[in-house]
Amino acid sequence: MPGMVQSVERAAALLRLLAAEREPATLGQICSALGIAKATAHGLLKTLIHVGFVEQDRDTGRYQLAPDPLTPESVLWDVNEIRSRAMNWADALAARTGQATRLGAFRDGSLLVVHHVFRADSTPQTSTTGSRLPLHATALGKVLLAHDTRAARGLGAGPLPAIAFRTITDRGELARELARVRDAGWASAVQELTTETAAIAVPIRDEGGAVIAAIGIEGPLDDICTSRGAPRPELIEQVRHAGHNISHEFGHGRSL
């Protein structure tokens, strides 16, 4: 069949083999059963271990399927791990732009703020770390809605509440906005969470390319946007640079 990828076929066959075995298998057993070279089998196993589908016993060296590798809980990164790996880049982004920086992830049906860096000025500010924000009215939430099907399902089917002056409440308009986010690689929210602020956000990806979180800046409307109300290109690039570097921390763009 044209278009078939041999490495994926072999990985699927290997997973089926381990699923059928009652006991963990040796490398030799795997090679013999699948008719592949040891180097090929070892490469497949190394990759499947790395992505959490297979486990290797440290004492015997045998291989077996990882327990429940595709449950919702198993495919979510720990929020403390996200915060730890992204913190330095988030702090640097706030310093370079002079704006508040937030990290967000989809958890339990809404946008969870994982980390919040204050603006470098003397205005009163309150930490939002650990708080929940609406997905459809934030740049961080739009990134997650555009790339994470769980977030899209979490939005539900009811009416979208109007949070501020320009909050998108029409689902058709939101769908078009999310398509733009996917095409452009970044999201904005201008007067959608509050009438005085605007925000820019980009995705954070893991090694496989899945969007696991988002990072963005938020600040006064005149600081974030041009006189025409569009996000400033130089700020978009700063946020994209931070997102790229954090994604690299999670293995995105690296080779095994």
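L44 counts as buried, because its relative accessibility is 13% (buried means under 20% relative accessible area, exposed over 50% and partly exposed in between, with a 1.4 Å probe and protein chains only). The residue sits in helix α3, residues 38-50. Helices here are DSSP runs of H or I with at least four residues, strands are runs of E with at least two, and both are numbered from the N terminus. The C-alpha atom of L44 lies 28 Å from that of R150, and 106 residues separate the two along the chain.

The model is predicted: local features need pLDDT of at least 70, side-chain atom pairs count only at pLDDT 80 or more, and totals for chains, interfaces and linings use all residues. Residues are numbered from 1 along each chain as its sequence is written, and side-chain values use heavy atoms, with hydrogens and water left out. The mean pLDDT of the protein (the predictor's confidence in each residue, from 0 to 100) is 90. A score of at least 70 is reached by 94% of the residues. Among the elements, β6 has the highest mean pLDDT, 98. Helix α6, residues 149-154, has the lowest, 83. Where pLDDT is low, the predicted coordinates should not be read in detail.

The protein has 256 residues, of which 40% count as buried. Its secondary structure comprises 9 helices and 8 strands. The C-alpha trace spans about 65 × 35 × 30 Å along its principal axes.

An open sheet is formed by 6 strands in the order β5-β4-β3-β8-β7-β6, with antiparallel pairing. Strands count as paired if DSSP finds at least two bridges between them. β5 (132-133) and β6 stand at the edges with a single partner strand each, so one side of each has no neighbour in the sheet. The β4 and β5 pairing is antiparallel and has 2 bridges. Here L112 stands opposite R132 of β5. β3 and β8 are joined in the antiparallel sense by 5 bridges. G104 has A214 of β8 as its bridge partner. β7 and β8 pair over 9 bridges, again in the antiparallel sense. I204 faces A213 of β8 across this pairing. The hairpin of β7 and β8 has 5 residues between the strands. In this hairpin G209 adopts a positive phi near 95 degrees. β8 is largely enclosed by the rest of the structure, because 9 of its 10 residues are buried.

The largest nonpolar core contains 27 residues. Such a core is a set of buried Ala, Val, Leu, Ile, Met, Phe, Trp, Tyr and Cys residues joined through side-chain atoms within 4.5 Å. L103, I200, I204, I215, I217, I224 and I246 touch the most other members. At least two residues each come from α4 (79-97), β3, β4 (110-117), β7, β8 and α9 (233-249). Another core, of 23 residues, lies apart from it and includes V143, A146, V181 and A189. In soluble globular proteins, nonpolar side chains tend to be buried together.

The structure holds 1 cavity of 30 Å³ or more. On a 1 Å grid over the protein atoms alone, a cavity is a set of points where a 1.4 Å probe fits but cannot get out; a pocket is an open set with protein on both sides within 12 Å along at least five of seven lines; lining residues have an atom within 4 Å of a point. Grid points are joined across faces, edges and corners, and a volume is the space filled by probe spheres set on the points. β3 (100-107), α5 (139-147), β7 (197-205) and β8 (211-220) each give at least two lining residues. β7 supplies the largest share, 4 residues. By class, the cavity lining has 11 nonpolar, 4 polar and 3 charged residues. Ala, Val, Leu, Ile, Met, Phe, Trp, Tyr, Cys and Pro count as nonpolar, Asp, Glu, Lys and Arg as charged, and the others, Gly among them, as polar.

The second largest pocket has a volume of about 230 Å³. Of its 13 lining residues, K142, R166, E177, S188 and E192 are the closest to the centre. Two or more residues each come from α7 (171-184) and β6 (187-190). The largest share, 3 residues, belongs to α7. This pocket lining divides into 4 nonpolar, 3 polar and 6 charged residues.
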